Amino acid sequence: MNRELEEDFMRSRKHRYRSVTHRRTGSLSGTGWVRDLRDWLVTAAVVFALMSLLNIFVFNVSTVIGQSMQPTLFEGEKLIISKISLTFASPKRSDVVVLHDPSTGPDRKEYLVKRIIGIPGDRIEVRNHKLYVNGKLFAESYVDTEIQDPDFAELTVEKGTYFVMGDNRHAGASKDSRYFGAVPQKRIVGKAAYIWWPLSKANAL
């Protein structure tokens, strides 16, 4: 009789042990997926914050819209825009930059891509369909035709502003400083540093 009681006791003890172990295992697995989810959310938040900071202060990606920068840039090409470079240095003559469109009207765009032709203090003139900067003919290896739009008399670029033009010098092909005047530096978003797409044209600007 005592042996039967002992066997019943052992079976009951094993049953309780398995029940407790099962509950602990289930509890641990339950907390495991919560911990994994929490780690994933923290990682995603850190990556998002880092990319946002890079996009605001360092660089972003822009797509060329329109034909005003042909033959240097064509519609649909993608550029890497360096923002941080303008934090430490002012734009230079011949830099390709992205700027907020200063014009008004129904054809206004959010951003424009243009080339800096004149920096503060420069004298800009188009005479006989050729560009002159500070009284000298300005060499432009990136254009494929002379300026087909009307000439304009010499003007001086004011302090804190930049005279910009598109590389497309065909008649009416570029809305630029000839149309809306010199651009305040605060409207310049960044410098177009690199063409990264299509890969066949990947190149520094």
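## Lys 114

Lys 114 sits in strand S4, residues 111–118 (strands are DSSP runs of E, at least two residues, numbered from the N terminus). This is a predicted model, so local features need pLDDT of at least 70 and side-chain atom pairs pLDDT 80 or more, while totals for chains, interfaces and linings use all residues. Residues are numbered from 1 along each chain as its sequence is written, and side-chain values use heavy atoms, with hydrogens and water left out.

Lys 114 is buried, at a relative accessible area of 2% (buried means under 20%, with a 1.4 Å probe and protein chains only). Beyond residues up to four places away in sequence, Lys 114 touches a list of residues including Ser 68, Asp 95, Gly 166 and Asp 176 (contact means heavy atoms within 4.5 Å).

## Ser 68

Ser 68 belongs to the loop between strand S1 (59–63) and strand S2 (78–82). Ser 68 is buried too, with a relative accessible area of 14%. Leaving out neighbours within four places in sequence, its contacts include Val 113, Lys 114, Asp 167 and Asn 168.

## The pair together

The side chains of Lys 114 and Ser 68 make a polar contact at 3.0 Å (a pair of N or O atoms within 3.5 Å, one able to donate a hydrogen and the other to accept it).

An unreviewed UniProt entry puts "active site" at Ser 68 and Lys 114; such annotations may be inferred rather than shown by experiment. The two are spread over 47 residues of sequence but cluster in space, with a largest C-alpha distance of 8.0 Å.

Notes. Helices (H or I, at least four residues) and strands (E, at least two) are DSSP runs, numbered from the N terminus. Buried means under 20% relative accessible area, exposed over 50%, partly exposed in between (1.4 Å probe, protein chains only).
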